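I want to look up a helix packing and some charged pairs here.

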Amino acid sequence: MITLRQMRYFETLSNTLHFGKAAVAANISQPALSAQIMEMENHLGVKLVERGRGGVIITQKGMEILQHARIILAEVERLEATARRGSGVLEGLVRIGIIPTIAPYLVPQLVPRLRKVYPRIEIELKEAMTDRLRSDLLEGKLDAVIAALPLDDDALASQALFTDRFYMAVASNEDSVLSSPLTEAQVDMDRLLLLEEGHCLRDQALAVCGTAGKRSLVNFGATSMTTLLQMVSHDMGMTLIPEIAVPLETKRNNLRIVPFAEPQPSRQIGLAWRRSSARSADMIALAETITACASKKETQATG
């Protein structure tokens with residue numbers, strides 16, 4: 001008999017196309033995952049995947065079975081969601097993933113507001129980079145993700161929440177003078193500090209500053225916005241800072257915030273969820289609450 005666990009493992013494998021990565025995502029050993037896939041193949045009497053040194057390929061028959069498995073898993077999720085919640089909006093457990101360059105600045109306002117407006121909500125938060133959150137969302141480990149749009153996947157629905165403009169952060173006592181508004185040509189590439197690989201803000205900084213193909217970068221690879229801005233405050237370089245981070249970070253660091261010339265670079269922050277989810281009403285309510293929190297922060301930043 002085929003089990004839901006086997007179908008989930010097969011879906012995870014189809015997302016990663018690699019037994020090792022799929023095993024990590026599924027939180028089991030690679031041999032155990034392989035054994036479950038083989039057991040599923042033996043029961044169905046078909047070959048689901050072609051195994052190779054570089055990874056796996058889903059067979060044509062495997063793709064057909066995968067589509068059926070996803071439908072079954074989606075219906076099971078609907079059943080579980082119905083059991084978890086009551087008849088109201090945002091009742092029961094809501095699992096939310098947030099990227100690191102948003103979480104520290106949004107969560108302190110978002111969580112209290114959600115608990116006040118929706119007192120029967122149970123909130124579970126996960127902070128991780130976009131690729132990890134997207135994978136967890138597709139695998140049903142999260143109900144929603146707050147990240148920079150677009151999240152390119154046909155299986156996901158999304159709603160824009162707010163526009164997050166970019167500024168340049170430098171030490172308040174920096175010797176060189178950056179005129180305001182700032183242009184790309186004024187950015188000293190030898191002093192530009194970036195987050196480590198995998199952070200979407202790193203890619204956005206490279207795009208804003210036009211550094212494609214340039215190698216004169218300070219390759220520190222900070223793991224957090226806080227670390228990066230502490231380095232900047234000690235005049236070790238400059239970095240891109242999103243508007244949502246400005247109020248808090250300028251309070252705890254000696255920073256000067258320099259705006260860019262029009263059109264000001266920005267990123268679109270949005271909420272994403274699975275199209276197959278039975279919690280669309282919850283997602284709309286969640287999006288409205290996040291937007292309200294962001295609007296409050298914008299007022300604080302300009303006030």
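Which residues in H2 meet which residues in H3? I listed Phe19, Gly20, Ala22 and Ala23 on the H2 side, and Gln30, Leu33, Ser34 and Ile37 on the H3 side; contact here means heavy atoms within 4.5 Å. I sorted the residues of this contact into 5 nonpolar, 3 polar and no charged. For that sorting, Ala, Val, Leu, Ile, Met, Phe, Trp, Tyr, Cys and Pro are nonpolar, Asp, Glu, Lys and Arg are charged, and the others, Gly among them, are polar.

Ground rules before I go on. The model is predicted, so local features need pLDDT of at least 70 and side-chain atom pairs count only at pLDDT 80 or more, while totals for chains, interfaces and linings use all residues. Residues are numbered from 1 along each chain as its sequence is written, and side-chain values use heavy atoms, with hydrogens and water left out.

Next, the geometry of that helix pair. The axes of H2 (residues 19–26) and H3 (residues 30–44) come within 9 Å and cross at roughly 100 degrees. I therefore noted H2 as roughly perpendicular to H3 (65 to 115 degrees; under 35 is roughly parallel, over 145 roughly antiparallel, the rest oblique). Axes are lines fitted to C-alpha atoms, for helices over the stretch in contact, with angles from 0 to 180 degrees between N-to-C directions. Helices (H or I, at least four residues) and strands (E, at least two) are DSSP runs, numbered from the N terminus.

On to the charges. How many salt bridges does the structure hold? I get 15, counting a side-chain nitrogen of Lys or Arg within 4 Å of a carboxyl oxygen of Asp or Glu.

Lys126 is partly exposed at 32% relative accessible area, whereas Asp136 is buried at 3% (buried is under 20%, exposed over 50%, partly exposed in between, 1.4 Å probe, protein chains only).

Arg279 and Asp143 came next, at 3.6 Å, N to O. They sit 136 residues apart, in the loop between E11 and H10 and the loop between H6 and E5.

Last entry: Arg252 and Glu249 meet at 2.8 Å, N to O. They are about one helical turn apart because 3 residues separate them in helix H9 (residues 246–252).
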